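Have the sequence and the 3D view ready. This report looks at charged pairs first, then at a sheet.

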Amino acid sequence: MAQSEDFGNPVYCICDYVDIRGPVDPETMRAAHEQVEREAEALRLVIVSDEDADGGHRQFVKDDPAPLPYVDLSTGPAPEAAARAWMEKDAEGPVDPQALCRAALLKIADDHFVLYRRVHHAVVDGYSLALVFNRTAAVYSALARQLPAEGGAFPAFAHLVETETAYRDSRSFPRDRAHWLDTLAGHPEPVGLSGRRGGLAIGRRRTVELAPDRVGHLERAAADLGVTWSDLAVSTIAAYVGKHTGADELLLGLPTGGRLSPQVRNVPGMTMNILPLRLTVDTGLPLGAFTRRVSRTIRNVLLHSRYPTAEISREVLGEGGGRLWGPMVNVMKFDYKLDFGGSAATMRTLSIPLTVDMTVYFFQTSADGTTDVILDAHPELFTAQETDAHLEGILGLLDALGTARPETAVRDLFPRPAPVAAD
């Protein structure tokens, strides 16, 4: 599963935490942590250099779980700020290839704790991290009530390895290859909102929270259009980029889970695959037709989402490389059950915002549907003012899509420019 990137670079890590509002027993949390670490073998993966191995690296699973440091910051003058600073320092620190995943429990007050995790993207993806936090909450709650905690344990990591091997030997592998070669034949150059291109960089991040009632309204609007909330979110970005670039065809980056088999749906590991979403964009279409077209295209991507992007890139772009997409949109809607023995929790992210252009995340943070809209903009392509304006424009379009009738043309959902006064 591991890739041959720079394993020591923190930019390849996911750094998330749960903000727990209520009392937590550190010893019970430590016991829950150790049980989950033993169940989720991917958290104990180690990657070492090996010239004889495929890709120059070899991986194995450590026997012992990582420790759970307990950091009491509650006696300081600004414990919340201190917790944030502690996590940011850790998130930006170098990665030990012998300890790709680690965690900590931070105390802010007697009724306020933070459970932090940093995992390397080579071994664990965002979906898996959500599984790990959910499972930790379930095990903690069981142990706190002195109940058995074995039920619901993660399946063995070997299922992921076996499924991947079987896929490459199956008829699906060449079928997926043929699909992508056909889909990307004669593809356009990726376009972005800046009209320029840059390399991979740490983005300028902006975040706005959508309250549960606002998210619920958008989910109902999506259902009325015959699509999912995720489809509506992707349609928003497609319409926004299409309108502001004038392009009639787009290539957007679309992260996918790659978990088409029920046997691996709940196995923590790295299966995420970013794939090109090739869309014909006609903002003259009625909103209903536009969103359903986007939805059908997303379904086609998901049906062939196990084929590795690296293979697509080599075959479509050649050895010279290039880009398969411009802006990227990632809808992270997870089934959170973050209750730690009666103490509710909210998900937060501190991951370093890498982007090649502009990336928009719709990141659900709690079971009630609360969702952060996160915009990471390339600092060499977008100024701070442009970043703010784009986030405002995306949120405005999202709200317009949520209230428009299905027969309304997409282009009519954008604010009209003010008329120019005659001399």
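How many salt bridges does a search of the whole structure find? The search finds 24. A salt bridge here is a side-chain nitrogen of Lys or Arg within 4 Å of a carboxyl oxygen of Asp or Glu.

This is a predicted model: local features need pLDDT of at least 70, side-chain atom pairs count only at pLDDT 80 or more, and totals for chains, interfaces and linings use all residues. Residues are numbered from 1 along each chain as its sequence is written, and side-chain values use heavy atoms, with hydrogens and water left out.

**Charged pairs**

Side chains of opposite charge can pair when their charged atoms come close.

| Pair | N to O distance |
|---|---|
| Glu39 and Arg135 | 2.9 Å |
| Glu311 and Arg314 | 3.3 Å |
| Arg323 and Asp357 | 4.0 Å |

Take Glu39 and Arg135, joined by a salt bridge. The pair links distant parts of the chain: Glu39 is in helix α1 (residues 26–39) and Arg135 in helix α3 (residues 126–144), 96 residues apart. Helices (H or I, at least four residues) and strands (E, at least two) are DSSP runs, numbered from the N terminus. Both Glu39 and Arg135 are buried. Buried means under 20% relative accessible area, exposed means over 50%, and partly exposed lies in between (1.4 Å probe, protein chains only).

Why are Glu311 and Arg314 separated by about one helical turn? They are 3 residues apart in helix α9 (residues 309–317). Arg314 counts as partly exposed because its relative accessibility is 45%. Glu164, Arg168, Glu311 and Arg314 are linked in a network of salt bridges.

Arg323 also forms a salt bridge, with Asp357. Both residues sit in loops: Arg323 between α9 and β11 (328–332), Asp357 between β14 (354–355) and β15 (358–364). Arg323 and Asp357 are buried.

**The sheet**

An open sheet of 6 strands runs in the order β4-β5-β6-β1-β13-β12, with mixed pairing. Its edge strands are β4 (70–72) and β12 (339–340), each pairing on one side only. Two strands pair if DSSP finds at least two bridges between them.

Look at strand β6 (residues 112–120). Is it mostly covered or uncovered? It is mostly covered, with 9 of its 9 residues buried. His112, Val114, Tyr116, Arg118 and His120 point one way, while Phe113, Leu115, Arg117 and Val119 point the other way.

Strand β1 (residues 13–21) pairs with β6 in the antiparallel sense over 9 bridges. Here Cys13 stands opposite His120. Strand β5 (residues 102–109) also runs antiparallel to β6, joined by 7 bridges. Leu105 stands opposite Leu115, and Leu106 has Val114 as its bridge partner. A hairpin is formed by β5 and β6, with 2 residues between them.
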